[in-house]
Amino acid sequence: MRDPYEVLGVSKGASQKEIKAAYRKLAKELHPDLNPGKENIESRFKEVSQAYSILSDPEKRRRYDAGEIDAAGNERMAAGAGGFYRDMGNGFGSTSFHAQEGVNPEDLEDLLSSIFGGRTRGRGARNFKARGADVNYSLRVPFLDAARGATTAITLPDGRKLNVKIPAGVTDGQLLRLAGQGQPGYGGGPAGDAYVEIRIEPHAFFNRKDNDIHVEVPITLKEAVLGGKIEVPTVHGPVTLTVPKGSNTGTQLRLKGKGIKDQRTGTPGNQYVKLKVVLPDKPDPALEEFVKGWEPAGENPRKKMGVR
């Protein structure tokens, strides 16, 4: 979307009076009712209305000039914010809304009055319809809810509550469209849509790569040497995994079909378990006694590093 100053043809230092005058002039020129059949008139009218919605609001204008929002009124990501919007609150369901491509009803009333010579109840005004503004909504979703799917309630700026279905396997940054849940239209025009951008919270030990899940699982020295069955977590719940005899830190095992289901094909990914051998937190006298008399077989594990 183009720079709002460029769209309205004003300088960055323009006063609010100059901005309003420029908007009124362009809106009259581009009003669909006054330009029947002309190509791209409606899209140009929307562009002018969107530019005015940014520059006519002192706070939005300040934030646009500061680079905090873009020309559509959407939040820009802050450096180092880990992909989260800078105005997001804490916790699940934190939200931020931004109007775009909408027409302010008060400005429309004023505009129609000037276009139709104060006859806001005239035929032209009566026939004028405008689609409501779309609303952008950013929703933080726990990792497991994104993997398995969930339904969560959100509260829109006008106080309405909606249940949003989070599809299983949703990806970070994916947009969900809620048709007709944006700002109301004008003169009987359709309501805008609400667009929900999903921001997935990181998990304590699961990592997602495409549709596969990666997790590091600690095992005891005994389990590494002798092998055996252990319980490991998956995004779908715990499962039993067989640890091969003689496993080492870095050994990777695959749990087929225990990843995330592909949204298009329905085929699940895999889970990859990387083993990590850990010693007891506290000294174990029996283990210490055994190791004293134990001579490890094989080469020095540090030989390739050129040290003994």
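In what follows, rings of Phe, Tyr and Trp (for Trp, its six-membered ring) are taken to pair if their centres lie within 6.5 Å, and a pair counts as stacked with planes under 30 degrees apart, as edge-to-face with planes over 60 degrees apart, and as tilted for the rest. By that rule, a search of the whole structure finds five aromatic pairs.

Before I go through them, a word on the model. It is a predicted one, in which local features need pLDDT of at least 70 and side-chain atom pairs count only at pLDDT 80 or more, while totals for chains, interfaces and linings use all residues. Residues are numbered from 1 along each chain as its sequence is written, and side-chain values use heavy atoms, with hydrogens and water left out.

Returning to the five aromatic pairs, one of them is formed by Y23 and Y52, which are stacked at 4.0 Å centre to centre with 5° between the planes. This pair links distant parts of the chain, since Y23 sits in helix α2 (residues 16-30) and Y52 in helix α3 (residues 41-55), 29 residues apart; helices here are DSSP runs of H or I with at least four residues, strands are runs of E with at least two, and both are numbered from the N terminus. Are these two tyrosines buried or exposed? With buried meaning under 20% relative accessible area, exposed over 50%, and partly exposed in between (1.4 Å probe, protein chains only), Y23 counts as buried because its relative accessibility is 3%, and Y52 counts as buried because its value is 7%.

A further stacked pair is that of F290 and W294, at 5.9 Å centre to centre and 20° between the planes, and here W294 is partly exposed, with a relative accessible area of 44%. F143, F205 and F206, for their part, form one aromatic cluster.

Let me turn to charged side chains. A salt bridge is a side-chain nitrogen of Lys or Arg within 4 Å of a carboxyl oxygen of Asp or Glu, and by this rule the count comes to 10 salt bridges. R2, which is partly exposed at 39% relative accessibility, takes part in a salt bridge with E6, where the closest N and O atoms are 3.2 Å apart, and also in one with E47, where they are 3.1 Å apart. E47 is itself partly exposed, at 22% relative accessibility.

Which residues make up a network of salt bridges? They are E59, R62, R63 and E68. Within it, the side chains of E68 and R63 meet at 2.8 Å, N to O; E68 is buried, with a relative accessible area of 15%, and R63 is likewise buried, at 16%.

My last items concern polar contacts, meaning pairs of N or O atoms within 3.5 Å, where within protein one must be able to donate a hydrogen and the other to accept it, and where residues adjacent in sequence count only if both atoms are side-chain atoms. E197, placed in strand β6 (residues 194-200), is buried at 14% relative accessibility, and its side chain makes a polar contact of 3.2 Å with the side chain of R199.
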